[in-house]
Structures are given as structure tokens and as C-alpha cells.
Amino acid sequence: MIEKITDGIYRVEVPLPRNPLKYTNSYLVRGDKESLIVDTGMNREECYKALSSALKRLEVSNPIIFVTHLHADHIGLVGELGASEICFSKKESEIVLKMFDDPSEYWRAIVEKYMANGFPEEEARKMLKLHPGIRYTTMDRIEFTEMKDGDEIEIGDFRLRCIETPGHSPAHMCLYDEDKKLFFSGDHVLLDITPNITWWPFLENSLKSYLESLDKVRDLEVNLVLPGHRRLWKDLRARVDEIKRHHDVRLKEAFNALDRPKTAWEVAPSITWDLKYERWEDVHVVQKWFAVGETVAHLEYLLKQGALQKEIGDDGKVRYFR
Ligand SMILES: [Zn+2]
């Protein structure tokens, strides 16, 4: 599906089958000579078909691609679209290239951390077969044009400034056109769902980074927010404030769950998740993985605030307590 948003900007809906996100919004910014694609969808047939046929209909060839962050549903197709250039955060490109060098080592370290937080080994093994970051990410070793906070990309009348917003991912980047008051928010700010804030080996305190990154963009003059998933909307500030309140609630739930020392795995079922399951046991293993990562991020935030403590038991498991 192609939708014209405004002069020179189109939205392409790239389907994500059997994924609760439903689709990725891929944007086309059209200039006189060059065109820019913001995000691509996953490296899988359904996404490729949708995006490549949309680009054909819009008569775009050899676009520049900008990737907001390293998740597979945004970076997946960068190697498949005949891009003339791929612009991507310097910090995240280093992470992605390291992952290409040794994917099993990259995932081993992460799985170990989750297991220390109580994630059962058997479920972790299942997760490794299903995680979209393993199945559907880009498979090519790619040359990226490394972007830093404040760098600008000029396409026709559009002047897009990179704003680094770590939190959802280690060095997520939004694009902001100050004159036209357009804000490509990636997965930093979404309207219909709240971005997943998980534990990252590359961030000290990912929830703190995320909340700071919300403040970094809150007061920008914006008339239209163009997010990575679901609906576009107008009032950035109102949504930023709503997401901040959401994390306050989640922090309270995590804190209240600690009637005794618990692992993040044990705390997770006490938190209200936006999932269509009644019981924690029925939650899909990949969603459990995201939920436990998010729980760790919240517990670590409370720990670093001094509200909690943690200990490592004889069984090697990390337990948080008040
Ligand atoms: Zn994402």
C-alpha cells in the first residue's frame, strides 16, 4: 500500500506477517535527482515484494536509504534494494558489523544475561529459532555511510537532521526537518503501541537513556510525526508525556512485585503487558523474551536510582529486592 502524505513524501506499508507490529512504515522522500527511503522492513519475501513493487510504481531507482535503528524490521532489506548509499548511525553500524563477524558469540552473551535473569534455558533455545533479529535481518556485510547526531541529509527541498535518541536501541536516530516541521520518529515515539525498552549490553541504563531521549525531542516544533509503525499523528509532545507516564506505572508495578527477592523472569508476569494473552504461560516465547528484557531495564533503572538492590545467588541467578 502506498499513501501520499504530503508533497514529496510517501508512506509504503511493508507487511510483517504473524508479527504483532503488523507492518513497518517505510517512507519515500522525493527530491529532484535523488530519493531517500527511511527504513525498509524485514529481510523476507513478503516485505521485499511490497517495498520493491512500491518503489517501481513510484519510479524510484538506486535510492539513498536511511535506517533509524538496527532492528530487523527496519534494517532488513538495506542490501536488497539497489541503494546508492546507506546512511546509518556510526555506533549502531559498528554493532551490526560485529554481529556479522560472529553472530553466535553476539547472541551467546545476550542469552547468558537473560538466563542469569531467570529466563529458562529451554525457552531461550526456542527463542533463538524464532527471534526476528536472527531470522530476518540483513545477511550482507554492508558499507554504511556513518551518521552522527546533528548530521544533515539534503534531498530536494527537504533538509533532514539526524537526532540521536538512544534507548529503544543503542543509538537510534530520528530525522527532523525543522522548516517543514516533520519528524520521522522511527521506533523512538509511536502512537498506538509503546516502544519496547529492553536491556542492552551497549547501554549503562537503557530506560534512563530512553527517558532522556524523550526529553531531547519533546519540545521540537513538529506538525506531523511519521513513525516506524502504525498511525501518523500531530502532537509529539502529548505522546511523549503519555509514554513517560506509562513508564512511571511500569516502574511502580516492577517495584511492587518485589514482595520477596525475585528474578526479572519472576517479576515479568506482574507487569501489565499489551498482549492478547490471559496467562503469562501462554505468551509466545519471543514476546516473553521482550517482556523479560523490558523488566530488566526497569529493575536496573530502579536499582541505579537506589530504590532496589540485587544479589547473585549460588545458582548464578540475579535477584532484585527492596
Ligand atoms: Zn525497533
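## Exercises on a predicted model

Helices here are DSSP runs (H or I, at least four residues) and strands are E runs of at least two, numbered from the N terminus. The model is predicted: local features need pLDDT of at least 70, side-chain atom pairs 80 or more, while totals for chains, interfaces and linings use all residues. Numbering starts from 1 along each chain as its sequence is written.

**Exercise 1.** Describe the contact of α4 with α5.

*Solution.* Start with the axes, lines fitted to C-alpha atoms over the stretch in contact. Those of α4 (residues 103-116) and α5 (residues 121-130) come within 10 Å and cross at roughly 145°, on a scale from 0 to 180 degrees between N-to-C directions. Next, list the residues. W107, V111, Y114 and M115 of α4 meet E121, A124 and L128 of α5; contact requires C-beta atoms, placed from the backbone, within 7 Å.

**Exercise 2.** Find the residues with the most contacts inside the largest nonpolar core.

*Solution.* A core joins buried Ala, Val, Leu, Ile, Met, Phe, Trp, Tyr and Cys residues through C-beta atoms within 7 Å. The largest has 80 residues, and F183 and V292 have the most contacts inside it. Helix α10 (residues 285-305) gives the largest share, 9 residues.

Technical notes: Two residues are in contact if their C-beta atoms, placed from the backbone, lie within 7 Å. A residue is buried if 20 or more other C-beta atoms lie within 10 Å of its own, exposed if 12 or fewer, and partly exposed in between; C-beta atoms are placed from the backbone.
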